Amino acid sequence: MELLVVLAIIGILAAIATGVYVGRVDDARITRARADIQTIEAALDIFRLDNFRYPTTAEGLEALVERPNDPDVRWPSGGYMRRLPLDPWSRPYLYASPGRRGDVDVYTLGRDGQEGGEGQDGDIGNWNLDRQP
């Protein structure tokens with residue numbers, strides 16, 4: 001009987017710890033997406049300083065890693081980024097220039113991969129980086 005009580009207590013503690021852990025993982029994904037977007041935005045700003053424009057939507061974020069097919073583009077050795085990160089759900093970040101919400105939009109559609117949503121399923125973009133998870 002004592003062994004069953006001990007196992008029940010261990011099970012309850014494990015369930016509580018798992019719930020706390022899962023919440024932290026979700027928060028970490030949102031934080032990572034925000035950090036990635038800020039890094040990409042900084043590289044885009046440097047591209048703009050060098051070339052007096054942002055990469056076009058057609059050139060995409062790849063213009064930060066590989067020289068676009070435009071002879072007028074100034075290109076530093078090594079590019080503007082070494083590589084493009086994937087979002088925390090293993091999808092490429094999305095990009096539009098001009099953006100719907102500013103000069104450029106850099107964003108991820110969240111866990112569900114669909115526009116809109118809340119929490120983990122919500123869109124995270126350079127227009128809402130100051131919101132709390």
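Trainee: In what order do the three strands form the open sheet?

Mentor: This is a predicted model, where local features need pLDDT of at least 70, side-chain atom pairs count only at pLDDT 80 or more, and totals for chains, interfaces and linings use all residues. Residues are numbered from 1 along each chain as its sequence is written, and side-chain values use heavy atoms, without hydrogens and water. Strands are DSSP runs of E, at least two residues, and helices are runs of H or I, at least four, both numbered from the N terminus; two strands pair if DSSP finds at least two bridges between them. The pairing here is antiparallel, and the order is β1-β2-β3.

Trainee: Which strands stand at the edges?

Mentor: An edge strand here has a single partner, so one side is left without a neighbour in the sheet. Two bridges join β2 (residues 105-108) to β3, with Thr-108 opposite Ile-124. The edge strands are β1 (94-96) and β3 (124-125).

Trainee: Is Asp-36 buried or exposed?

Mentor: Asp-36 lies in helix α1 (residues 2-51). Buried means under 20% relative accessible area, exposed over 50%, and partly exposed in between, using a 1.4 Å probe and protein chains only. At 14%, Asp-36 is buried.
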